[in-house]
Amino acid sequence: MLEPDILRDEEIAMLLNDVATIYGYDFRQYSRASLKRRLNRICLVDRFSSFAELRYRVVNDASYLQHFIEEITVNVTEMFRDPSFYKMLRQEVMPRLGTYPLIRIWIAGCSTGEEAYSVAILLKEANLYHKSLMYATDINPTVLEKAATGIFPLNQMKAYSENYIRSGGSNDFSTYYVTGYDSAKFDSALSERMIFSTHNLVSDTSFNEFQLILCRNVLIYFDKDLQERVFKVFDESLHNLGYLALGTKETLRFSTIEGHYRQVGDEKIWRKH
């Protein structure tokens, strides 16, 4: 096993340059500490005896790239994560969104889709789903395929149900899915207005105008310059008076767009003005 402090910055820089040049995936502005941890894990799991061996495999085996991307990107999520955040969405944001004839929502870095289905449930319960379009994007096509199925581990449903109730949900959470073996499949009506698509926050630009953008627990893996670039993409993508929602450890404070926004309550939700 390679210890994280043994991975030299120069070696990591060469590998990331290779990936960007050959394949077009640019991880060069990802947080270096996070990258070291995840590259070390790849070397351990895939039993590479040296970092040079990993680099050789990535450069010379295009079929290995997808696995590499899955390991580099972080796909940890859950439904109604941080219930107080969803309570604020339910109580403060949804009524304002209801004033629009068409509601466009972008869930950036959607991972395996738990957040997208959580927002869909909020829209259903606010009677807004029929006039909404949800764009769920991620750099990783494999997790998008999983998200599109709406199938999640059954053993997570108790925790998700508790999150849902704490977010202000009053329905029986189990009415939203059917069970089979060790999985829960969510009602296909929840994904009828979802569009799953690859989008790279590092290099891609704005692609629509939105009333709500959620990008939660993604920016913590980016360095400050890349965070600033992504904020500008979001700012360009957000309708005046639209909302931007970030993760619990993320903030607009000290960014160049901070002056365009005011925070909504105590949650990491900002409204553009």
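# Reading sheets and ring pairs in a predicted model

Biologist: Which residue of β2 is the bridge partner of I103?

Modeller: The partner of I103 in β2 is S132.

Biologist: In what order do the strands of the open sheet with 7 strands follow one another?

Modeller: The order is β6-β2-β1-β7-β8-β10-β9, with mixed pairing. At the edges stand β6 (194-198) and β9 (261-263); each has a single partner strand, so one side of each lacks a neighbour in the sheet. From one strand to the next, the twist averages 20°.

Biologist: Which strands does helix α6 touch as it packs on the sheet?

Modeller: Helix α6 (residues 114-125) touches β1, β2, β6 and β7, and its direction makes about 170° with that of β2. Another helix, α9 (residues 224-237), lies across β1, β7, β8 (238-246), β9 and β10 (269-272) and runs at about 140° to β8.

Biologist: Is Q211 buried or exposed?

Modeller: The cut-off for buried is under 20% relative accessible area. Q211 has a relative accessibility of 4%, and therefore counts as buried. This residue belongs to strand β7. Its side chain reaches the backbone nitrogen of R104 at 2.7 Å. Leaving aside residues up to four places away in sequence, Q211 touches several others, among them L97, Y100, L102, H239 and Y243.

Biologist: How is a pair of aromatic rings described?

Modeller: One gives the distance of the centres and the angle of the planes. In this structure the count is 22 aromatic pairs. For W106 and F210, the ring centres are 5.5 Å apart and the planes stand at 35°, so this pair is tilted. W106 is in strand β1 (residues 103-108) and F210 in strand β7 (residues 210-215), so the pair ties together parts 104 residues apart in sequence. W106 and F210 are both buried.

Biologist: What kind of aromatic pair do Y164 and Y176 form?

Modeller: Theirs is an edge-to-face pair, with 6.3 Å from centre to centre and 75° between the planes. Y164 lies in helix α8 (residues 157-166), and Y176 in the loop between α8 and β4 (177-180), so that the two are 12 residues apart. Both Y164 and Y176 are buried.

Biologist: Which residues do ring pairs link into a cluster?

Modeller: The cluster consists of F80, F85, Y86, Y117, F152, Y164, F173, Y176, Y177 and F186.

Biologist: How many residues lie between β4 and β5 in their hairpin?

Modeller: There are 2 residues between them, and Y181 in the turn has a positive phi of about 55°. Strand β4 runs antiparallel to β5 (residues 183-186), and 4 bridges join the two. Within this pairing, V178 stands opposite K185, and Y177 has F186 as its bridge partner.

Biologist: In what order do the strands of the open sheet with 3 strands follow one another?

Modeller: The order is β3-β5-β4, and the pairing is antiparallel. Strands β3 (151-153) and β4 stand at the edges with a single partner strand each, so one side of each is left without a neighbour in the sheet. The twist here averages 30° from one strand to the next.

Key
Residues numbered from 1 in each chain as written. Predicted model: local features only at pLDDT ≥ 70, side-chain atom pairs only at ≥ 80, totals over all residues. Heavy atoms only, no water. Phe/Tyr/Trp six-rings, centres within 6.5 Å; stacked < 30°, edge-to-face > 60°. Buried < 20%, exposed > 50% of the residue type's maximum accessible area, 1.4 Å probe, protein only. Pairing = 2+ DSSP bridges. Axes fitted to C-alpha atoms, helices over the stretch in contact; angles between N-to-C directions. Contact = heavy atoms within 4.5 Å. Polar contact = N/O pair within 3.5 Å; in protein donor to acceptor, adjacent residues only side chain to side chain.
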